[in-house]
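Dear colleague,

I am passing on the structure below, together with some notes on how parts of it pack. Please read them with the coordinates open beside you.

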Amino acid sequence: MSNSVLQLKNVSKTIKGKTIINALSFEVMRGEVFGFLGPNGAGKTTSIRMMVGLMQITSGQILIDGTCVQKNFEEAMKKVGAIVENPEMYKYLSGYKNLVHFANMYKGISKERIEEVIKLVGLEKRIHDKVKTYSLGMRQRLGVAQALLHKPSLLILDEPTNGLDPAGIRELRDYLRTLAKSEGISVLVSSHLLSEMELMCDRVAIIQNGALVSIQDITREERHSNNVSVQLTKEKKAYPYLFTVQNPEKAKEILVDYDVTIVNEGLEIQITFEEVARVNKLLTLADVSVYGIRPATKTLEDRFLEITRGEGIV
């Protein structure tokens, strides 16, 4: 079984002679939360519509778990669950009856499977209440449950945090990460909240003018810099760390064996994780006060604005 769940291979879309999507290629791996960002008019929504078969592809190929969307549409869509904007539900039915209604559209979805997805999204206590009494966050979770009923390999969520309060956003983010890890489902998510994408995603693709301009691996850097409770890496590879110190000039003289640059906040030092404590000890023994140590990484927002030159996102 391939580790790649979604593949876009030189996908292009032309409308009335204008190229909207230009040779877009990337892949989403199994169990990965993959972000999709782009400035206004970049082609993000068009790309998602082609992935789920709502828009025809002009050229190129989209594969979902090895099945070509163009050649075998029905088979490919069996492997996809999707929510575009807010999930549509029958508000005067209970959450459970909504799921039963949707399950009847597929073959072989058992009562046990319905109960399983209810537990997965944590709606056991409210599933028999009418949807009209649900908060927006609960409706989003019910929408995810609906999208998961047929056991898809890929979950596509277009702006899933729209309208959610901070607690609802955090709840959805934590749930999606747990889902990807525990169920091995790949999640493609678009959002205009860059800070949330940092915390939610393993990688983020940035497109501009219909073309891929960058794929950012944010698993390590942004989660460290946003103080998420992820254990710091212990790899031997060196990364920049920012030391806020009392006397940068003196500190640089002490650290003559290291790659040190004086910056506004103190010193930027290229070191491995294991060397952080050693450098701190050298400075304190030399009577240089150290006020703070953190990874000197750029946020996703910084890098997004650099790549797109400050254009807004959709």
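**Helix pairs, a sheet and the chain as a whole**

In this model, which is predicted rather than experimental, helix α5 (residues 136–148) packs with helix α6 (residues 166–183) at an angle of about 20°, and their axes lie 10 Å apart. Since angles under 35 degrees count as roughly parallel, α5 and α6 are therefore roughly parallel to each other, and their crossing is right-handed. On the α5 side the contact is made by G137, R141, V144 and L148, while α6 contributes E171, Y175 and L179. Sorted by class, this contact of α5 with α6 comprises 4 nonpolar, 1 polar and 2 charged residues.

The crossing in which α3 passes α4 is right-handed. Here Y96, L99, V100 and A103 of α3 meet K111, I114, E115, V117 and I118 of α4, and by class the contact of α3 with α4 holds 7 nonpolar and 2 charged residues, with no polar ones.

Turning to the strands, there is an open sheet of 4 strands, in the order β12-β13-β11-β14, whose pairing is antiparallel. Its edge strands are β12 (259–263) and β14 (290–295), each of which pairs on one side only, and the twist from one strand to the next averages 25°. Strand β13 (residues 266–271) runs antiparallel to β12 and is joined to it by 5 bridges; within β13, L267 is the bridge partner of I262. Helix α10 (residues 273–285) packs on this sheet, where it touches β11 (239–245), β13 and β14, and the direction of α10 makes about 25° with that of β11.

For the chain as a whole, the count is 11 helices and 14 strands. Of its 314 residues, 47% count as buried. Among the contacts in the chain with a separation of 6 or more, 68% are accounted for by residues 24 or more positions apart.

Conventions. Residues numbered from 1 in each chain as written. Predicted model: local features only at pLDDT ≥ 70, side-chain atom pairs only at ≥ 80, totals over all residues. Heavy atoms only, no water. Axes fitted to C-alpha atoms, helices over the stretch in contact; angles between N-to-C directions. Helix = DSSP H or I, 4+ residues; strand = E, 2+ residues; numbered from the N terminus. Parallel < 35°, antiparallel > 145°, perpendicular 65-115°, else oblique. Left-handed = near helix turned anticlockwise from the far one by under 90°. Contact = heavy atoms within 4.5 Å. Nonpolar A, V, L, I, M, F, W, Y, C, P; charged D, E, K, R; others polar. Pairing = 2+ DSSP bridges. Buried < 20%, exposed > 50% of the residue type's maximum accessible area, 1.4 Å probe, protein only.
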